[in-house]
Amino acid sequence: MKRVTIRVPATTANLGPGFDAFGCALSLYTDVTFEETDGGLEITGCDEAYTGPDNMAYTSYCAVLASLNEEVRGVKIHIDAHIPICRGLGSSAALLVAGAMGANVLRGNRLSTQGLLNITNAMEGHPDNLAPAFYGGLTASMVDNGLPVTVSFPLHPGWEFLALVPDFNLPTTKARAVLPDQVPRGDAVYNISHGALVLKALELGDEKLLRTAMQDRLHQNYRKKLIQDYEQIEHLVRTTGAAFCLSGAGPTLLCITQDEKLEQKLARKLDAVTEANWQMLPLHVEFQGARVISAE
């Protein structure tokens, strides 16, 4: 029986003003193994609640087989996840990407990466996490006539990423529910201008410009009310000189800096301004997207 293991990086979406458009792959991973069997579905390595046919890795696996007009045979799926669930680091996207790539590899790599992105984007509804998970690095994406279009952007090598991950989750559905259906024109213009400068600041390594540009009026002001200690932590991070934003829909908070001692500086002060337990994860950009790490 054929067997393949796919490794997918974590991703952070939005990067402040780039709502549902910007994304970046980070050095935290989920490995998913797919092994064809004589029949049935078996999923291990995750909570029992996720071992049924609605598991995202399996649904995308089936979606790719359907697009290839291939029969869904028995499969054993093992998930080794190091990306925190429902924390704004692309855990759902990682499973969708793994399932799609796993099915494609087992059927002879007949679909391109763009083809896999098209299928998974139809399932996810937005490509901001999916694109960097597939391609790695920093991406900006849009949807044109129902299909995702993605462009990669250069990143200065000096950036350090520090994810502050709390001990509580925030489902994306809840984080989206608090967003208004319409926004003032001034807020839309604000985000367009700031988003353009975020991309340039990340390319140049301009920390001052990044701190200024990484402001948002479309989603963070609404979502921060769902995140305990948000404003206190934001003030603390900004006083250290780092750029600050929500990671995806949250509740993980992301610091971007070129100060290699940022983690030490925050460690001494974070407990004093928070009530929840926050784990600090120092990360770097993962320039390689989802990939096969073993195949038999």
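**Inside the model**

Reply: Start with Cys62: its sulfur has its closest cysteine sulfur in Cys46, 15 Å away, which is too far for a bond. Keep in mind that this is a predicted model. Cys62 is buried, because its relative accessibility is 18% and the cut-off for buried is under 20%. Cys46 is partly exposed, at 29%. For the sulfur of Cys46, the closest cysteine sulfur is in Cys86, at 13 Å, again too far for a bond. Across the whole structure, the count of disulfides is zero.

Look at Tyr61. Beyond its neighbours within four places in sequence, Tyr61 contacts Phe34, Glu36, Val75, Gly99, Ala100, Gly102, Ala103 and Leu106. Tyr61 also belongs to a ring cluster: ring pairs join it with Phe34 and Tyr58.

Now the rings. A pair of aromatic rings is described by the distance of the centres and the angle of the planes. How many aromatic pairs does the whole structure hold? A search finds four. One of them is Phe168 with Trp278. The centres are 6.0 Å apart and the planes stand at 85 degrees, an edge-to-face pair. Phe168 sits in the loop between β7 (160-166) and α5 (172-177), and Trp278 in strand β10 (residues 278-283), so this pair ties together parts that are 110 residues apart in sequence. Both Phe168 and Trp278 are buried.

Tyr230 and Phe244 form another pair. Their ring centres are 5.5 Å apart and their planes meet at 75 degrees, so this pair is edge-to-face. The partners are 14 residues apart: Tyr230 is in helix α9 (residues 230-240) and Phe244 in strand β8 (residues 243-246). Tyr230 has a relative accessible area of 2% and is buried. Phe244 is buried too, at 0%.

Next, Leu164. This residue lies in strand β7. Leu164 counts as buried because its relative accessibility is 0%. Which residues does Leu164 touch? Not counting residues up to four places away in sequence, they are Ile233, Val237, Pro251, Thr252, Leu253, Cys255, Trp278, Gln279 and Met280. Leu164 and Leu246 are 82 residues apart in sequence, yet their C-alpha atoms are 9.7 Å apart in space.

The peptide bond joining Gly250 and Pro251 is cis, with omega about 5 degrees. Pro251 lies in the loop between β8 and β9 (253-257).

Asp229 is not a glycine, but its phi is positive, about 75 degrees. It is in the loop between α8 (220-223) and α9. Asp229 counts as buried, because its relative accessible area is 8%. Asn109 likewise has a positive phi without being glycine, near 55 degrees. Asn109 is in the loop between α2 and α3 (113-124).

Finish at His194, in helix α6 (residues 185-204). Is His194 buried or exposed? It counts as buried, because its relative accessibility is 15%. A polar atom of the His194 side chain lies 2.8 Å from the backbone oxygen of Tyr190.

Arg217 lies over the face of its ring, 3.8 Å from the centre. Elsewhere, the charged end of Arg7 sits over the ring of Tyr29, at 5.8 Å from the ring centre.

Conventions
Residues numbered from 1 in each chain as written. Predicted model: local features only at pLDDT ≥ 70, side-chain atom pairs only at ≥ 80, totals over all residues. Heavy atoms only, no water. Helix = DSSP H or I, 4+ residues; strand = E, 2+ residues; numbered from the N terminus. Buried < 20%, exposed > 50% of the residue type's maximum accessible area, 1.4 Å probe, protein only. Polar contact = N/O pair within 3.5 Å; in protein donor to acceptor, adjacent residues only side chain to side chain. Phe/Tyr/Trp six-rings, centres within 6.5 Å; stacked < 30°, edge-to-face > 60°. Lys NZ or Arg CZ within 6 Å of the ring centre and 35° of its normal. Contact = heavy atoms within 4.5 Å. Disulfide = S-S within 2.5 Å.
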